Amino acid sequence: MRIRHNDYGRPPAPARQELSVTVVIPAHGCQATLDLTLAALSAQTYPAGLMDVVVVDDGSPVPLTAPKVIRAPEGGWGRAWAVQAGVEAATGDVVLVLDADMVPVPEHVAMHMRWHHLADYLVVLGWIDFTSSPPPSPEDLLRKPYEEFFDLAGQRHDWAEAIIEAHDGLRTAPNSLAGHVHVGATASYRRAFLLEAGGLDTSLVLAEDTELGYRLTQAGAVFVPDPEARAWHLGLPTAMRDYPAMKRHNDPYVADRVPYRRYLRTDRGRQWLVPYVDAVVVAEGYEDTRAAVDALLASDLPDVRVTVVGAWDTLAAGRRSPLNEPLLDLRLLHAAFEHDSRVRLATGFEPAAPFVLRCPPGWMAGHGTVSGLVQHLEARDGGLINLALEEDEHGVTAVRLERTAAFARARRVGSPDEALDDVVHELFGVEWLDGRQYGFARRPATYPRRVPQPEPVDKEVLRLRKRIAALQAETQQLRREAAKGARDAERWKGKAEAWRREAVKRDRTVLRRAVRKIGLTSFVRRPGATS
């Protein structure tokens, strides 16, 4: 079955019942809830002959009891460690991982399994109802419908259900988004497909389902949330009880491993375990290859890793002609990039990033070229962009931006006589664009660029230049002092004018007083005087 994007269609009917399934239950010190999970599994409608259950005891202080229980191996701990041990011990065609505090409805396993008969790259996600009701005994559980025992707790995986609802049950979800809703409390996979994707990351003790969802996406998975595969979760998970603490713990681990979470990679200058874009350049000529690599490393997208593919194992350490050996260009590239942590020198290439950019030597990307191409591909949820650079008698020289997930799925469903790009076009779409319009250009004729060196100058010229510089500095100082003198003179001039005005004002006041005094005296009648 060839599924385009994540459009898995409608539930198949009638459901086939041919594949076997192993239910893997990781558990730690939870015998009471485990007993309810096992009781519910004993009442499943899927044929008992095609189903078995493996409980993985993750170091419980008191060993758990179950019909089939194995102890998690030494050397690790946590849910991922236990689930991986269960996957490796499983014998079924399908692995259904179920937490030890889940009570699946009788049709739960059958609803999962109907999808796995369609294609071997489906990831089926059960539907979780949370309850805080007191749990019944395992015996009582099997006597009545579960709804009579459990009431909804009023909380759900709202964020996941919102994504599912907004994208028609994930049928229209973009490839980079569909895996976000992968929650491992009830999820099933073809066992071979899960192991091909790498299984669980056992270095993680939390967020392992988020990380696994990313790697399953890159392996070509289609995610199918099935509301009919219901299960009751006894109590609330840690993420709901203390979300801030859970997020604070998980963010650095997720940021390092899941490049789709762009909001976690906002720190400039950082490098991450898994890059966003894996760029590939084949080693062909020192100047051409170095120019292509240098431009990619200078991209505005910080999490780009470059792999230079070449026959590095042919570089012998013995005596050679340093300037004329046949492998000189390869040796110079090795010297140029051997110690750059963002460059890998490899004889082959396997992508780890969600996008692969294949750039021919001699062509240089612009500063914003890579991010612009990724945005273009993401906006269309496409599988491949070809960027034509030039055409000659040998054909078209092109850059390729590939979606890793699209090519992984195409390899899985394509036949040997089909061109891989044609299958990618059928599943995700292929587009041709003009590479020069996206900023690709030929490298300069001289590369690396030469920095002009100053011409030799004799000692007398140097002496005169120094003398001129000293005179210029002295002139500037004199100008500053002259300016200061002018400012001081103006200031004193102002003060003198103020003093003059004050003196005139004072003299006028004295004069007025004298005039008034003289005037009054002239009108005073003296004794014996006649008028």
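User: Why does A207 count as buried?

Analyst: The relative accessibility of A207 is 11%. Buried means under 20% relative accessible area, exposed over 50%, and partly exposed in between, with a 1.4 Å probe and protein chains only. So A207 counts as buried. A word on the basis: this is a predicted model, where local features need pLDDT of at least 70, side-chain atom pairs count only at pLDDT 80 or more, and totals for chains, interfaces and linings use all residues. Residues are numbered from 1 along each chain as its sequence is written, and side-chain values use heavy atoms, with hydrogens and water left out.

User: Where does A207 lie, and what is its phi?

Analyst: A207 lies in the loop between α7 and α8. Helices (H or I, at least four residues) and strands (E, at least two) are DSSP runs, numbered from the N terminus. Phi of A207 is near 65 degrees, a positive value in a residue other than glycine.

User: Why is D381 called buried?

Analyst: D381 has 11% relative accessibility, so D381 counts as buried. Its place is in the loop between α13 (369–380) and β14 (384–392). Phi of D381 is near 50 degrees, a positive value in a residue other than glycine.

User: What makes helix α2 mostly covered?

Analyst: Nine of the 11 residues of α2 (79–89) are buried. Among them are R79, W81 and Q84. The buried residues pack against β1 (21–27), β2 (51–57), β3 (69–71), β4 (94–98), α7 (191–196) and α8 (208–218). Contact here means heavy atoms within 4.5 Å.

User: Why is R508 called exposed?

Analyst: Its relative accessible area is 51%, so R508 is exposed. R508 is found in helix α16 (residues 459–522).

User: Which residues form the positive surface patch?

Analyst: R508, R512, R513 and R516 form the patch. Patch residues have over 30% relative accessible area and no salt bridge; like charges are joined within 9 Å, nonpolar side chains (Val, Leu, Ile, Met, Phe, Trp, Tyr) within 5 Å. A salt bridge is a side-chain nitrogen of Lys or Arg within 4 Å of a carboxyl oxygen of Asp or Glu. Lys and Arg count as positive.

User: Why is V457 partly exposed?

Analyst: V457 has a relative accessible area of 34%, so V457 is partly exposed. V457 lies in the loop between β17 (441–442) and α16. With V461 and L462, V457 makes a nonpolar surface patch of about 190 Å².

User: What is omega at the cis peptide bond joining Y447 and P448?

Analyst: Omega is about 0 degrees. The place of P448 is in the loop between β17 and α16.

Definitions and conventions:
Areas by Shrake-Rupley, 256 points an atom, 1.4 Å probe, with all protein chains shown as cover. Charge placed at Lys NZ, Arg CZ, Asp CG, Glu CD.
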